[in-house]
Amino acid sequence: MITLLLMNHWSRYLKPFLNLFLESPCPLCQRSTPQEICPTCQKQIWQCRLLHLEETWQNDPRLFTWGLYTGALRRALTMLKYDNQPQLAQPLGQWLAEAWLTVPHISKPASPLIVVPIPMHQAKQRQRGFNQAELIAASFCRITQLPLESWGLERVRATEAQFGLSALARAQNLTGAFRLGRGLKQHHTGSILLVDDIYTTGATTRSAIHTLTRHNIQVYGLIAVARTPHVQADSN
């Protein structure tokens, strides 16, 4: 009993010092923080959050995004992918999940959902070390408790970077890029909810949906952390 009291007494004084060692620089501003993103940068990212989350859900394909690909959110997603900061996927996926759960008619479909991240080509994933869509999807599923199928789709063709391509060139670039993965070849008992980091023209989404529907697999929609500002609520 005395030992326990002494431990509690000393832990109260040692905790602030231990927290100093557990903190790391915020990847966006280099401030020391015990979280993946410091409170100041979190606030800046949240300024990019969409107010009407369901506004693009009636589009084709149906789309649910957390924020606009601009400002601090764009910087966070860029650093996640290109600056080796995979830990940023955790809060981004969490915020996406919490937003998803606030829209009941979207988050509670009639059939069970299976979450499938948009895959990267194996060579590119080996080079980067991770697939950001898969990390975001894993964080999303921890909050929503939806099942994650990381091998639902496979990217079988290394495509040119989509950035800077026209809408037609993007579509042509992704023709035949995906095939059904072993996770869905074995079994699928519900609708697919695709997950990606950024939604731009929809070329990637349509290519993935085409692959799934060819195998009579229903796609419920796509969710992404951010969409580019030009995507309109009534666009198809």
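This is a short tour of a predicted model, stop by stop. Residues are numbered from 1 along each chain as its sequence is written. In this predicted model, local features need pLDDT of at least 70 and side-chain atom pairs count only at pLDDT 80 or more, while totals for chains, interfaces and linings use all residues; side-chain values use heavy atoms, without hydrogens or water.

**Stop 1: two helices**

Select α4 (residues 89–100) and α7 (residues 132–144). Helices here are DSSP runs (H or I, at least four residues), strands are E runs of at least two, and both are numbered from the N terminus. The axes of α4 and α7 come within 7 Å and cross at roughly 45°; axes are lines fitted to C-alpha atoms, for helices over the stretch in contact, with angles from 0 to 180 degrees between N-to-C directions. That makes α4 oblique to α7 (under 35 degrees is roughly parallel, over 145 roughly antiparallel, 65 to 115 roughly perpendicular, the rest oblique).

Now show side chains. Among the residues that meet are Gly-93, Leu-96 and Trp-100 from α4, and Leu-135, Ser-139 and Phe-140 from α7. Contact means heavy atoms within 4.5 Å.

**Stop 2: Ser-139**

Click on Ser-139, in helix α7. Is Ser-139 buried or exposed? Ser-139 counts as buried, at 1% relative accessibility (buried is under 20% relative accessible area, exposed over 50%, partly exposed in between, with a 1.4 Å probe and protein chains only). Leaving aside neighbours within four places in sequence, Ser-139 is in contact with Ala-89, Gln-90, Gly-93 and Gln-94.

**Stop 3: the largest core**

Next, pick Ile-45, Phe-64, Leu-73, Leu-77, Trp-100 and Phe-140: of the 43 residues in the largest nonpolar core, these touch the most other members. A nonpolar core is a set of buried Ala, Val, Leu, Ile, Met, Phe, Trp, Tyr and Cys residues joined through side-chain atoms within 4.5 Å. Which element gives the most to this core? That is α4, with seven residues.

Zoom in on Leu-73: not counting residues up to four places away in sequence, Leu-73 touches Ile-45, Cys-48, Trp-66, Gly-67, Leu-68, Leu-92, Val-225 and Ala-226.

**Stop 4**

Most residues other than glycine have a negative phi, and most peptide bonds are trans. Go to Pro-61, in the loop between α2 and β3: the peptide bond from Asp-60 to Pro-61 is cis, with omega near 5°.

Then try Gln-145, in the loop between α7 and β5 (153–155). Gln-145 has a positive phi of about 65° and is exposed, with a relative accessible area of 65%.
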